[in-house]
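Hello,

Here is the structure I promised to pass on to you. Please have a look at it first, and then read my notes below.

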Amino acid sequence: MPDPISAAAHVFGKALQSERQELGASQRQIAEDAEIDEATYRKIELGYRNPNLHNMLRIAGALGVPLATLVEKLDSTMVPPARERTAPREPLDELKKRRDQRRHGR
């Protein structure tokens, strides 16, 4: 079997599997209720596919949980590195710093 495409895909898939098993449902039942192909659902659960937002929402609905429940253990460090940057990052980092200062009243 291939490896999951990323740590994020693996963790998301494990969350799906856990919720599905706790529910007592099969992969086929969740896929049908989410209106996605069963093979696609299986690959998402195994971490082999990166679901789009709409499918994530459909799956959460089929499982009867908020999407936040399925993504609560994810963070940006779990995704593969992006392509090499062509522009410096400092301007965005400075904007984030100012935004955070405004939010915290500093």
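Predicted model: local features only at pLDDT ≥ 70, side-chain atom pairs only at ≥ 80, totals over all residues.

Let's start with helix α3, which covers residues 38-45 and has Thr40, Tyr41, Ile44 and Glu45 buried. Looking down the axis of α3, you will find these buried residues within an arc of 135 degrees, so they line one face of the helix.

At the start of α3, Asp37 has a side-chain oxygen within 3.1 Å of the backbone nitrogen of Ala39. After α3 comes Gly47, with a positive phi near 85 degrees.

Next, the packing against α1. The axes of α1 and α3 are 7 Å apart, at an angle of about 115 degrees, which makes α1 roughly perpendicular to α3. On the α1 side, the contact is made by Ala9, Phe12, Gly13, Lys14, Leu16, Gln17 and Arg20, and on the α3 side by Tyr41, Ile44 and Glu45. Sorted by class, this contact has five nonpolar, two polar and three charged residues.

Is Gln27 buried or exposed? Gln27 counts as buried, because its relative accessibility is 16% and the cut-off for buried is under 20%. Leaving aside residues up to four places away in sequence, Gln27 touches Arg20, Tyr41, Arg42 and Glu45.

Best wishes

Definitions and conventions:
Residues numbered from 1 in each chain as written. Heavy atoms only, no water. Buried < 20%, exposed > 50% of the residue type's maximum accessible area, 1.4 Å probe, protein only. Helix = DSSP H or I, 4+ residues; strand = E, 2+ residues; numbered from the N terminus. Arc of directions from axis to C-beta. Polar contact = N/O pair within 3.5 Å; in protein donor to acceptor, adjacent residues only side chain to side chain. Axes fitted to C-alpha atoms, helices over the stretch in contact; angles between N-to-C directions. Parallel < 35°, antiparallel > 145°, perpendicular 65-115°, else oblique. Contact = heavy atoms within 4.5 Å. Nonpolar A, V, L, I, M, F, W, Y, C, P; charged D, E, K, R; others polar.
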